[in-house]
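Colleague: Before we discuss the labels, please put the model on the screen. I will then ask what each label rests on.

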Amino acid sequence: MNILGIDIGGSGIKGALVDIETGQFASERIRLVTPDPSTPDAVAKVVKTLVEKMAYQGPVGAGFPGVIQHGICFTAANVDERWINTNAEKLFSEKTGNPFTVINDADAAGLAEVRYGAARDVNGVVLVLTLGTGIGTAIINDGVLLPNLEFGHLKIREKDAEKRASAAVKAKKKLSWKEWAAALEEYLLIMENLFWPDLIIIGGGISRNHAKYFGYLNTRTKIVPAQLYNQAGIIGAAYFASLTHAQSTP
Ligand code: BGC
């Protein structure tokens, strides 16, 4: 079964058809620019364009960069604040005419890594971090995800961790790999002392460059790059929609 997965990010809205059996893309990936301001209506318009470009009809899964409870968005750190209290599932479903399932983007990435990637068959606690515009966090214990953990906003010396160690910060402050890795390491040490994970998975676009900075990270816990790199968000969102859809289909 192929399902359309969409990853809504601070700078791009990306989508592809995903083969749910294998977790592989079953189409080309389309990337459209996130509108500025990224209001619900403006984003929904781009999502509609993406669905139309795919010529797709059926259930859609979307990952969103905020807390999502039962389809409703409750935080908006890196998108327009008008998202707060917006029913994203309803908005996208109405706009596109396709049934949408929406979850937090890091949760989507975490689910994808557990089902198809670096956390597959890993017992115990896995911490998945997505480093992009912000820092997304997912913790999975023996394959079970606790949704909507927002540890990118954990304070380090009074400042959100994501304002110190996200990929966007590296670009904005023009940090070298070594300088940025020092900020990331500080964050990782706090996270491992709080959660004692068995494995840390680094995702987001910057996971492709892992060879440039993993050597600087001295953590007790084993760290690996996301196997699905920054495609994990698309794949996990599609996978989650397939689970939801299977439940609602008699
Ligand atoms: C948001 C999270 C999101 C993360 C990655 C954070 O700013 O609060 O919900 O998962 O960015 O996009």
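Colleague: Which residues of α3 are buried?

Modeller: Asp105, Ala106, Asp107, Ala108, Ala109, Gly110, Leu111, Ala112, Glu113, Val114 and Tyr116. Buried means under 20% relative accessible area, exposed means over 50%, and partly exposed is in between, with a 1.4 Å probe and protein chains only. That makes 11 of the 12 residues buried, and α3 is mostly covered. This is a predicted model: local features need pLDDT of at least 70 and side-chain atom pairs count only at pLDDT 80 or more, while totals for chains, interfaces and linings use all residues. Residues are numbered from 1 along each chain as its sequence is written, and side-chain values use heavy atoms, with hydrogens and water left out.

Colleague: What makes the length of α3 agree with that of a helix?

Modeller: Helices are DSSP runs of H or I with at least four residues, strands are runs of E with at least two, and both are numbered from the N terminus. The expected span is 1.5 Å times one less than the number of residues. For the 12 residues of α3 (residues 105-116) this gives 16 Å, and the end C-alpha atoms are 16 Å apart, so the two agree.

Colleague: How do you know that α6 agrees as well?

Modeller: Its 19 residues should span 27 Å, and the end C-alpha atoms are 26 Å apart, which agrees. The buried residues of α6 are Trp180, Ala181, Ala183, Leu184, Glu185, Tyr187, Leu188, Met191 and Glu192. An α-helix has 3.6 residues a turn, so residues three or four places apart point the same way.

Colleague: Why is Ala181 called buried?

Modeller: Ala181 has a relative accessible area of 0%, so the label buried applies. The C-alpha atoms of Ala181 and Lys170, 11 residues apart along the chain, are separated by 9.3 Å.

Colleague: Why is Arg157 with Glu186 called a salt bridge?

Modeller: A salt bridge requires a side-chain nitrogen of Lys or Arg within 4 Å of a carboxyl oxygen of Asp or Glu. The closest N and O atoms of Arg157 and Glu186 are 2.4 Å apart, so the pair qualifies. The pair links distant parts of the chain, 29 residues apart: Arg157 is in the loop between β12 (155-156) and β13 (159-160), and Glu186 is in helix α6. Arg157 counts as exposed at 53% relative accessibility, whereas Glu186, at 26%, counts as partly exposed.

Colleague: How many salt bridges does a search of the whole structure find?

Modeller: It finds 6. One of them joins Lys155 and Asp160, with the closest N and O atoms 2.5 Å apart. Lys155 is exposed, at 53%, and Asp160 is buried, at 16%.

Colleague: What makes Lys14 and Asp7 a salt bridge?

Modeller: Their closest N and O atoms are 3.9 Å apart, which is within 4 Å, so the pair counts. Both Lys14 and Asp7 are buried.

Colleague: Which residues form the patch of positive charge, and why is it called a patch?

Modeller: Lys159, Lys163, Lys172 and Lys173 gather there on the surface. Patches are made of residues with over 30% relative accessible area and no salt bridge; like charges are joined within 9 Å, and nonpolar side chains (Val, Leu, Ile, Met, Phe, Trp, Tyr) within 5 Å. Lys173 has 47%, so it is partly exposed and passes the area condition. Lys173 lies in the loop between α5 (167-172) and α6 (177-195).

Colleague: What makes the backbone at His70 and Asn148 worth a remark?

Modeller: Most residues other than glycine have a negative phi, and most peptide bonds are trans. His70 has a positive phi of about 50°, and Asn148 one of about 65°. His70, in the loop between β6 (68-69) and β7 (72-73), is exposed at 77%. Asn148, in the loop between β11 (144-146) and β12, counts as buried at 17%. Trp196, which follows α6, also has a positive phi, near 45°.

Colleague: Where is the cis peptide bond, and what is its omega?

Modeller: It joins Asp36 and Pro37, with omega about 5°. Pro37 is in the loop between β4 (30-33) and α1 (40-53).

How values were computed: Accessible areas come from the Shrake-Rupley method with a 1.4 Å probe; for residues, only the protein chains shown count as cover. Lys and Arg count as positive and Asp and Glu as negative; His and the chain ends are not counted. The place of a charge is taken as NZ of Lys, CZ of Arg, CG of Asp or CD of Glu.
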